[in-house]
Amino acid sequence: MKHILFIEDDVTFSEMLKNFLERHQYTVDLSYTIHNASTLLKKHKYDLVFTDLRLPDGDGIGFLKQIKQSNSHIPVVLMTGYAEVSTAVQAMKQGAFDYISKPFNPDEVLEVIGNALEVKKTAAVLPKVNHEKKSEKSNTDFVAGISAASKTLNEYIHLVAPTNMSVLITGESGTGKEVVAKNIHLKSSRSDKPFVAVDCGAIPKEIASSEFFGHKKGSFTGATDDKIGHFESANGGTLFLDEVGNLTYENQVQLLRALQERKVKPIGSSDEISVDIRLITATNEDLLHAVEKGDFREDLYHRLNEFSIKVPNLKDRHDDLILYADFFLNKANEQLNKTVAGFSKEVLTVFQNYQWPGNLRELSNVIKRATLLTQLEVIEVQVLPEELLHSKKNNDSSNKFSTKKNEKELIITVLQEVDNNKTQAAKLLNITRKTLYNKMKEYSLN
Ligand SMILES: Nc1ncnc2c1ncn2[C@@H]1O[C@H](COP(=O)(O)OP(=O)(O)OP(=O)(O)O)[C@@H](O)[C@H]1O
């Protein structure tokens with residue numbers, strides 16, 4: 001059974017959560033002070049720590065730092081009041097796994113616990129990641145994410161990076177295909193050599209050969225100097241071709257030849273240059289469909305697609321949203337020389353209910369704009385673009401009450417849990433006391 005340490009000075013609330021979690025097969029120790037919690041941490045091996053932000057003998061952030069120094073492997077979740085969300089975001093920067101704002105409902109607690117234990121399990125299974133070759137460069141611009149979709153993506157990156165296989169990265173625009181390509185490069189033995197990214201959609205077809213393979217001075221009108229092509233620039237390293245589906249048929253033939261022969265000949269030169277490159281390509285169109293239509297060469301497709309990776313849409317990486325939001329806020333603060341501390345709870349709800357058709361790029365842009373506009377400590381909904389505020393909800397809290405039957409059962413369970421204390425029940429159900437009374441009347445629960 002997983003062992004959880006709960007640090008919270010509201011005795012009734014703690015007891016209630018303890019009962020609830022024990023019914024879900026967790027072992028829970030309660031502590032009302034940091035002092036007592038420190039003693040318990042020395043005595044027992046905990047899988048997870050839940051701590052309130054404000055405790056009688058200190059604050060949760062100080063305690064978080066203490067835990068991270070002595071027991072860095074234990075995930076820590078902070079419990080906060082509504083007004084403390086920005087502090088909680090700071091806590092995430094100090095290494096907290098997550099935060100949950102009160103009042104919260106039982107499902108939310110179970111979800112957060114599930115996520116934290118899942119991540120811990122993965123971290124325990126993959127200790128190798130931390131001991132990888134010393135030469136590997138860390139990529140501070142890459143957020144790995146904690147959602148199931150991100151974990152699969154990262155596993156694929158780890159698997160394919162050390163090989164020399166050509167990788168075809170697919171995914172919608174703005175999902176992070178180029179970032180994935182760069183990460184594969186940085187995790188490969190080529191990380192000390194160049195990573196050359198080329199947007200095939202931006203190269204006019206007339207000069208594509210010269211861009212890829214280079215040219216000699218005077219070889220055509222306008223060739224005023226020798227030019228080194230992208231293949232030669234990337235020699236020893238990785239060549240990343242974005243929007244590869246945009247290459248003309250002629251360029252496809254030239255590319256295939258260069259890949260097969262591992263040699264390129266600059267235009268106007270009689271000498272061939274041997275090149276050793278790892279090729280990574282990306283597309284947001286259906287390349288297989290282009291093959292079927294005869295627009296893309298099948299032999300080249302197979303040559304590029306020795307391993308394929310699909311980068312998930314942001315809406316399918318729901319659990320990562322806050323991590324990315326925080327990462328982009330830090331970046332925006334740096335770029336704009338601002339010190340915005342975080343997001344209001346309403347903003348986080350808007351973010352979670354929005355579909356993000358432009359994926360991470362859109363999130364990054366929205367946050368940069370909001371950071372620029374905000375004069376307050378945290379970003380409020382007023383500085384978000386209209387389209388975010390008027391989008392259809394995809395996951396509001398009423399989903400938790402998906403049917404009348406579920407709703408009635410949930411209310412009964414929670415009321416039993418708290419010995420009929422309506423205030424506590426409303427808090428746990430994340431609804432007001434008045435709503436609770438109305439619902440009890442509706443379901444004849446008096
Ligand atoms: N894992 C990540 N960690 C941090 N930032 C990311 C991550 N993935 C993407 N980004 C950021 O999101 C934005 C979009 O990423 P990127 O340009 O790689 O997307 P893309 O899929 O290649 O887009 P397109 O298809 O339009 O070329 C960039 O600002 C990038 O820095």
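Q: Is Trp 356 buried or exposed in this predicted model?
A: Trp 356 has 24 other C-beta atoms within 10 Å, and a residue counts as buried once 20 or more lie within that distance. Trp 356 is found in the loop between helix 14 (345-353) and helix 15, and by this count the residue is therefore buried.

Q: What is the phi of Trp 356, a residue other than glycine?
A: Most residues other than glycine have a negative phi. Trp 356, in the loop between helix 14 and helix 15, has instead a positive value, and this phi is near 50°.

Q: Is Asn 337 buried or exposed?
A: Asn 337, which is found in the loop between helix 13 and strand 15, has a positive phi of about 60° although it is not a glycine. Because Asn 337 has 6 C-beta neighbours inside 10 Å, the residue is exposed.

Q: With which residues is Lys 338 in contact, leaving aside its neighbours within four places in sequence?
A: Lys 338 is found in the loop between helix 13 (321-336) and strand 15 (342-343), and with 13 other C-beta atoms within 10 Å it is partly exposed. The C-alpha atom of Lys 338 is separated by 9.5 Å from that of Thr 374, a residue 36 places away along the chain. Once neighbours within four places in sequence are set aside, the residues in contact with Lys 338 are Asn 333 and Thr 371.

Q: How many residues in the contact of helix 13 with helix 15 are nonpolar?
A: Helix 13 passes helix 15 in a right-handed crossing. The contact is made by residues of helix 13 including Tyr 324, Phe 328 and Leu 336, and by residues of helix 15 including Leu 360, Ile 367 and Thr 371. Of the residues in this contact, 3 are polar and 1 is charged, while the number that are nonpolar is 10.

Q: Which residues of helix 7 are buried?
A: Helix 7 (residues 177-186) is mostly covered, with 7 of its 10 residues buried. These buried residues pack against helix 6 (148-160) and against several strands, among them strand 8 (167-170), strand 9 (195-199) and strand 14 (307-310). The buried residues of the helix are Lys 177, Val 180, Ala 181, Asn 183, Ile 184, His 185 and Leu 186.

Q: What is the count of buried residues in helix 19?
A: Helix 19 (residues 433-442) is hardly covered, and just after this helix Ser 444 takes a positive phi of about 50°. Among the 10 residues of helix 19, the count of buried residues is 1.

Q: At which residue does UniProt place the feature "modified residue: 4-aspartylphosphate"?
A: The feature comes from an unreviewed UniProt entry, and its position lies in strand 3 (residues 48-52). The residue there is buried, with 24 other C-beta atoms within 10 Å, and, apart from neighbours within four places in sequence, it is in contact with Ile 7, Glu 8, Asp 9, Gly 60 and Met 79. The position that the record gives for this feature is Asp 52.

Q: How far apart are the C-alpha atoms of Tyr 32 and Glu 8?
A: Tyr 32 lies in the loop between strand 2 (26-31) and helix 2 (34-43), where it is partly exposed, with 18 other C-beta atoms within 10 Å. Leaving aside its neighbours within four places in sequence, Tyr 32 is in contact with Asp 9 and Val 11. Although Tyr 32 and Glu 8 are 24 residues apart along the chain, the separation of their C-alpha atoms is 5.1 Å.

Key. Residues are numbered from 1 along each chain as its sequence is written. This is a predicted model: local features need pLDDT of at least 70, side-chain atom pairs count only at pLDDT 80 or more; totals for chains, interfaces and linings use all residues. A residue is buried if 20 or more other C-beta atoms lie within 10 Å of its own, exposed if 12 or fewer, and partly exposed in between; C-beta atoms are placed from the backbone. Helices (H or I, at least four residues) and strands (E, at least two) are DSSP runs, numbered from the N terminus. Two residues are in contact if their C-beta atoms, placed from the backbone, lie within 7 Å. UniProt positions are given in the numbering used here, feature names are shortened, and annotations may be inferred rather than shown by experiment. A crossing is left-handed if the near helix is turned anticlockwise from the far one by less than a right angle, and right-handed if clockwise. Ala, Val, Leu, Ile, Met, Phe, Trp, Tyr, Cys and Pro count as nonpolar, Asp, Glu, Lys and Arg as charged, and the others, Gly among them, as polar.
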